[in-house]
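Thanks for coming, everyone. I'll take a few minutes to walk you through one structure. Please have a look at it before I start.

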Amino acid sequence: MVVPETAVTGWLVRPGERRPIHQTRLRIEDRRKGKNHVLAWLQHTANTEVSILLPGDRRLGGTGTATDDSLRPWPNACSLRPYDLDQDIDLNHNGRKELPIRSSVSLPDPAASLILLLEADEDGRPRLVPRSEFVGTVRFEEGIITSIHFPQGAKDPVLEGQFLPLYNCRFLARLQIPGEEACRHCCMVPMVLRGDADGLFRPVFDRTAQRGLLNRFQADIAVLQQGGPGPLIPPEKVALARAAAFLYLTGVGYGAREQLEKALGPRANLPQSAQLLDRLDRFFLAPIHPGGL
């Protein structure tokens, strides 16, 4: 059984003011010999961190060091609640149904609102399901699921999600691409994932969700096609990275590199271009075998 409850896990202290910070957490119980026994709690232990806490854990009554940050204050108002679905789900196909949980935090960041999956392990203990167990093709450790729904008459669900490194164009810096002023959402790609014959959910192109990105993708491809014969300049690297994000996250997957090389033409064979294409592969694609691509 999963029981929502409200707890005070921190305090806001200002001159002349001291008030509690509440968060909604989930108490996980089982029933033995006619009595309920608490197994654990599911609780925020940071703004974008949710943990399974066992009875006696000191974090149940306090969330650690306070952070006085206007954008990411901590402790903060947080909420965990069951996410209602019309049908049961077993996204990782291990025979144990998952309970989807909506996590919400008072932050202006896409990481503040996502869906977690809670299930029992083989011994009946609660565990959070890693996204790598049910998402394929893309490297999704930094991805989030934002919606699960069953289309009318469908037996299998459709997932929607986000790849968080695209927020604030953060992935450009991680790919060592300079010269682009960051914005909050201009690089974001809304993801739609559908189950395949292997039982994994993979990105697909969804005209309703992603059609508006086609103009930007075509403009980025045009930048690459119109470039000079020399090495890529920073704006071209930005266009290449944005085009790659669109292709990888809308279902092209392992065929994305071929399309990018075609847009670059002869410049795809330059060492600088090949190295950046390698980095894009490693950044977006899940390894197809242990140890790498």
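Strand E3 pairs with strand E4, residues 49-53, in the antiparallel sense, over 5 bridges. Keep in mind that this is a predicted model. A hairpin of 2 residues joins E3 to E4. Look across that pairing: histidine 44 stands opposite valine 50 in E4.

Now the other partner of E3. Strand E2 covers residues 17-32, and E3 covers residues 35-46. These two strands are also antiparallel, with 7 bridges. Here arginine 31 stands opposite asparagine 36 in E3. The hairpin of E2 and E3 has 2 residues between the strands. In that hairpin, lysine 33 takes a positive phi near 55°.

Let's zoom in on two residues.

Glutamine 43 comes from strand E3. Is glutamine 43 buried or exposed? Its relative accessible area is 0%, so glutamine 43 is buried. What does the side chain of glutamine 43 make a polar contact with? The partner is the side chain of arginine 25, at 2.7 Å.

Next, glutamate 29. This one lies in strand E2. Glutamate 29 has a relative accessible area of 9%, so it counts as buried. The side chains of glutamate 29 and arginine 27 are joined by a polar contact of 2.6 Å. Set aside neighbours within four places in sequence, and glutamate 29 is in contact with Met1, Val3, Asn36, His37, Val38 and Leu39. For a sense of scale, take alanine 197. Glutamate 29 and alanine 197 are 168 residues apart in sequence, and 35 Å apart in space, C-alpha to C-alpha.

On to the helices.

Helix H4 is residues 234-249, and helix H6 is residues 271-284. At what angle do H4 and H6 pack? About 35°, with their axes 11 Å apart. The crossing of H4 and H6 is right-handed. On the H4 side, the contact is made by Lys237, Leu240, Ala241, Ala244, Ala245, Tyr248 and Leu249. On the H6 side, look for Gln272, Leu276, Leu277, Leu280, Asp281 and Phe284. By type, the contact of H4 with H6 has 10 nonpolar residues, 1 polar and 2 charged.

That's my tour. Over to you.

Note on methods:
Residues numbered from 1 in each chain as written. Predicted model: local features only at pLDDT ≥ 70, side-chain atom pairs only at ≥ 80, totals over all residues. Heavy atoms only, no water. Axes fitted to C-alpha atoms, helices over the stretch in contact; angles between N-to-C directions. Helix = DSSP H or I, 4+ residues; strand = E, 2+ residues; numbered from the N terminus. Left-handed = near helix turned anticlockwise from the far one by under 90°. Contact = heavy atoms within 4.5 Å. Nonpolar A, V, L, I, M, F, W, Y, C, P; charged D, E, K, R; others polar. Pairing = 2+ DSSP bridges. Buried < 20%, exposed > 50% of the residue type's maximum accessible area, 1.4 Å probe, protein only. Polar contact = N/O pair within 3.5 Å; in protein donor to acceptor, adjacent residues only side chain to side chain.
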